[in-house]
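Could you look over this one with me?

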Amino acid sequence: MIDSFGRRITYVRMSVTDRCDLRCRYCMAEKMTFLPRKDVLSLEEIVELADVFIARGVRRIRLTGGEPLVRKGIDVLTSELGKRIGRGLDELTMTTNGTQLARHADMLFDSGIRRINVSLDSRDPDRFRHVTRRGDLAQVLGGIGAAARAGLKIKINMVALKGINDDEIGSMLRWCANEGHDLTLIETMPLGEVEEDRTEHYLPLSDVRSSLEREFDLIPSLARTGGPARYYEVDGLGVRLGLITPLTHNFCDGCNRIRVAATGTVFGCLGHDQRVELRDVLRNGGADAVTDALDRLLAGKPKGHQFRIEAAQPAVERHMSVTGG
Ligand SMILES: C[S@@+](CC[C@H](N)C(=O)[O-])C[C@H]1O[C@@H](n2cnc3c(N)ncnc32)[C@H](O)[C@@H]1O
Ligand code: SF4
C-alpha cells in the first residue's frame with residue numbers, strides 16, 4: 001500500500017474493542033456508553049481484515065483498544081494472528097493498560113508476541129487511581145511483573161501531565177532502567193470526549209526534556225519507527241527514552257501507518273477525520289471490496305496532521321489508539 005505521497009504503509013494499529021475497565025481522565029468520560037456489539041467487528045472479521053492488510057504489505061500489527069485484554073476471545077484472536085508471524089507478518093504487538101496482564105501474559109507470549117506497551121502514568125497508588133479514576137496500581141504492577149517473567153519485552157507509556165505526574169518522570173525513568181523496561185513519554189492529545197479541560201494538564205515534552213537533561217545525559221538516537229516518537233539513549237542507565245510529541249513536532253513525512261477502529265473505520269491520519277468505513281464493505285463485499293476501499297483511503301491519506309489543542313478537535317473516534325509505535 002503506497003499513498004499519493006509515496007509513503008509505504010507497513011504498520012496497522014487495530015483497535016479490537018472500544019471498551020475499557022479504566023477511565024483515564026484524558027481519554028474517556030466517567031460515564032461511558034459503549035458501542036452495541038453488532039457495530040463492532042467480530043473476531044473473525046478482524047482476522048479477515050488483518051489478512052487483507054498483510055496481503056497488501058503490512059508487516060506489523062499492533063492490537064489496541066479501548067483495552068484489548070477485556071475483549072472476549074482476545075486469546076483466540078492473538079493466537080490466530082500470531083500464526084501469520086513469519087508468513088507475511090514480521091511482528092504482532094499490543095498496547096494494554098496492564099490490568100489483565102497477570103492472567104494473559106503467558107498466552108500473549110505463546111501467541112508469538114514478544115513486545116508490549118503498558119500504560120503507567122504514576123507509580124503512586126493514589127495518583128494512579130486519580131488519573132485512571134478506578135485503577136489499582138498493585139494489579140498493574142503485578143501484571144507488568146508477570147509479563148516480564150513470561151519473556152515479554154515491556155515499554156512503559158506515560159502520559160506527561162502537568163501538576164499530576166510531572167514530578168515523577170525522573171523516578172519513572174530510573175525505575176524503568178532498574179526493571180529493564182523502556183519508557184515513552186506522551187504529550188496529551190486532543191482526542192476523545194472527556195469532561196476534563198486537557199489544556200490545564202498539557203505539558204510540552206520540550207520542557208520535560210530540558211528538565212530531564214539537568215539530571216540525565218540524553219543521547220539522541222537515530223531509531224525511527226515511522227510514528228510520532230523520537231528516541232534517546234540515557235547514558236549510564238541502559239534505557240531507551242521515547243518522546244511522542246505530536247503537537248510540537250512534524251513526523252508526518254515518514255508516516256507508515258493507518259489505524260482501524262473497533263467498528264472497522266480506518267483512518268489515514270490521527271489528526272484528520274479522513275476515513276473509510278470497512279465493516280459494511282467487508283460484510284457485503286468481502287476481501288476484494290476491502291482492497292478497493294483501502295485504495296480510496298490511500299488516495300486521500302493527508303500529507304500531515306493539523307492538531308490544535310482542544311480547538312477544532314478532529315473527529316477521531318474515542319476508541320482509536322494513538323500511541324506506542
Ligand atoms: C487509547 S490507549 C489503548 C490501549 C490501552 N487501553 C492502554 O491504555 O494502554 C493507548 C495509549 O493512548 C494513550 N492516550 C489515550 N488518550 C490519550 C490522549 N488524549 N493523549 C495522549 N495519549 C493518550 C494512553 O495513555 C495509552 O498509552
Ligand atoms: S488510556 Fe487506555 S486504559 Fe486509559 S481509559 Fe483509555 S483505553 Fe482505557
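Here are my notes, point by point.

1. Ground rules. This is a predicted model, in which local features need pLDDT of at least 70 and side-chain atom pairs count only at pLDDT 80 or more, while totals for chains, interfaces and linings use all residues. Residues are numbered from 1 along each chain as its sequence is written, chains are lettered from A and ligands numbered from 1 in the order in which they are written, and side-chain values use heavy atoms, with hydrogens and water left out.

2. The sheet. Start with the open sheet of twelve strands, whose order is β7-β8-β9-β6-β5-β4-β3-β2-β1-β10-β11-β12, with mixed pairing. Its edge strands are β7 (218-220) and β12 (275-277), and each of these pairs on one side only. Helices (H or I, at least four residues) and strands (E, at least two) are DSSP runs, numbered from the N terminus, and two strands pair if DSSP finds at least two bridges between them. Direction ignored, neighbouring strands of this sheet are turned by 25° against each other on average. As background, strands of a sheet pair through backbone hydrogen bonds, either parallel or antiparallel.

3. The β7 end. Here β7 pairs with β8 (residues 229-234) in the antiparallel sense, over three bridges. Pro220 stands opposite Tyr232 in β8, and Ile219 has Glu233 as its bridge partner in β8. Next, β8 pairs with β9 (residues 239-244), again in the antiparallel sense, over six bridges; Tyr231 has Gly242 as its bridge partner in β9. These two strands, β8 and β9, form a hairpin with four residues between them, and Gly236 in the turn has a positive phi of about 85°.

4. α1 on the sheet and beside α8. Helix α1 lies across β1 (11-15), β2 (60-64) and β10 (257-260), and runs at about 170° to β1. Axes are lines fitted to C-alpha atoms, for helices over the stretch in contact, and angles run from 0 to 180 degrees between N-to-C directions. The axes of α1 (residues 43-55) and α8 (residues 279-300) come within 10 Å and cross at roughly 30°. The crossing of α1 with α8 is right-handed: a crossing is right-handed if the near helix is turned clockwise from the far one by less than a right angle, and left-handed if anticlockwise.

5. What touches what there. Glu45, Glu48, Leu49, Val52 and Phe53 in α1 meet Leu282, Arg283, Ala287, Val290, Thr291 and Leu294 in α8, where contact means heavy atoms within 4.5 Å. By class, the residues of this contact of α1 with α8 divide into seven nonpolar, one polar and three charged. Ala, Val, Leu, Ile, Met, Phe, Trp, Tyr, Cys and Pro count as nonpolar, Asp, Glu, Lys and Arg as charged, and the others, Gly among them, as polar.

6. α3 and its partners. The axes of α2 and α3 (residues 101-110) come within 9 Å and cross at roughly 20°, so α2 and α3 are roughly parallel to each other. Ile74, Asp75 and Thr78 in α2 meet His104, Met107 and Leu108 in α3, a contact with three nonpolar, two polar and one charged residues. The axes of α3 and α5 come within 8 Å and cross at roughly 20°. That makes α3 roughly parallel to α5 too. Leu101, Ala102, Ala105, Asp106 and Phe109 in α3 meet Gly143, Ile144, Ala146, Ala147 and Ala150 in α5, and by class these residues divide into eight nonpolar, one polar and one charged.

7. Ligand 2. Which residues surround ligand 2? They are Cys20, Leu22, Arg23, Cys24, Cys27, Met28, Gly66 and Asn97, with a residue being near a molecule or strand if one of its heavy atoms lies within 4 Å of it. This shell divides into five nonpolar, two polar and one charged.

8. Backbone spots to check. Most residues other than glycine have a negative phi, and most peptide bonds are trans. Gly66, from the ligand 2 shell, lies in the loop between β2 and α2 (74-82); the peptide bond from Gly65 to Gly66 is cis, with omega near 20°. Arg133, in the loop between α4 (125-132) and α5 (137-150), has a positive phi near 65°.

Methods: Angles under 35 degrees count as roughly parallel, over 145 as roughly antiparallel, 65 to 115 as roughly perpendicular and the rest as oblique.
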